[in-house]
Amino acid sequence: MKHLSNLEINNIIYSLNHHFDAKPLFILRYGVKAFELENKIYKPMHHFAKALNLLNSIDLNEAELINYLKGYEISYISKLKGFIRITYKDNNVGLAKISNNKIKNHYPKGLRKEA
């Protein structure tokens with residue numbers, strides 16, 4: 001079984017497969033960004049969601065996926081609440097937050113497709 005290490009730098013938690021001494025190396029990013037502390041709440045990061053197999057996932061159809069990639073909110077009836085992983089044909093796409101039967105988009109703005 002793999003042991004994951006975590007490292008917190010500037011309110012961001014990085015998840016690592018193996019801990020190693022990075023002092024002699026020039027490292028751009030030490031692991032995968034997992035969570036960021038924002039308003040006293042740890043929010044999962046897009047890169048982390050793409051690497052996980054979560055139970056709280058919603059598989060979108062093609063029309064819903066297109067709206068998600070554009071950054072729109074999606075109506076969706078579900079008992080799930082909180083952060084969820086968005087998938088399309090069982091492939092990880094990103095994150096969203098679901099409440100009151102609405103999927104609130106957390107897809108990074110820089111990756112969103114133009115309408």
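Leaving aside neighbours within four places in sequence, which residues is Leu60 in contact with? The views below start with the whole chain and come back to this question.

**View 1. The whole chain, a predicted model.** Residues are numbered from 1 along each chain as its sequence is written, and side-chain values use heavy atoms, with hydrogens and water left out. Because the model is predicted, local features need pLDDT of at least 70 and side-chain atom pairs count only at pLDDT 80 or more, while totals for chains, interfaces and linings use all residues. The protein chain has two helices and nine strands (DSSP runs numbered from the N terminus: helices are H or I with at least four residues, strands are E with at least two). Read from the N terminus, the order is β-β-β-β-α-β-α-β-β-β-β. Of its 115 residues, 31% count as buried (under 20% relative accessible area, with a 1.4 Å probe and protein chains only).

**View 2. An open sheet of five strands.** Follow the strands across and you get S5-S7-S8-S9-S6, with mixed pairing (two strands pair if DSSP finds at least two bridges between them). S5 and S6 (74–75) are at the edges with a single partner strand each, so one side of each has no neighbour in the sheet. S5 pairs with S7 (82–88) in the parallel sense over four bridges. S7 and S8, on the other hand, are antiparallel over seven bridges, and here Ile84 has Ala96 in S8 as its bridge partner.

**View 3. The two faces of strand S5.** This strand spans residues 57–60. Ile58 and Leu60 make up its covered face, while Ser57 and Asp59 sit on the uncovered one. Across the pairing, Leu60 stands opposite Tyr88 in S7.

**View 4. Leu60 and the largest nonpolar core.** Back to the opening question: apart from those sequence neighbours, Leu60 is in contact with Leu65, Tyr68, Ile74, Ile86, Thr87, Tyr88 and Ile103 (contact means heavy atoms within 4.5 Å). The largest nonpolar core has 14 residues, and Leu60, Tyr68, Ile86, Val93 and Ile103 touch the most other members (such a core is a set of buried Ala, Val, Leu, Ile, Met, Phe, Trp, Tyr and Cys residues joined through side-chain atoms within 4.5 Å). S5, helix H2 (62–70), S7 and S8 (91–99) each give two or more residues to this core.

**View 5. Helix H2 across the strands.** H2 lies across S5, S6, S7, S8 and S9 (102–105). Its direction is about 80 degrees to S8 (axes are lines fitted to C-alpha atoms, for helices over the stretch in contact, and angles run from 0 to 180 degrees between N-to-C directions).

Technical notes
Buried < 20%, exposed > 50% of the residue type's maximum accessible area, 1.4 Å probe, protein only.
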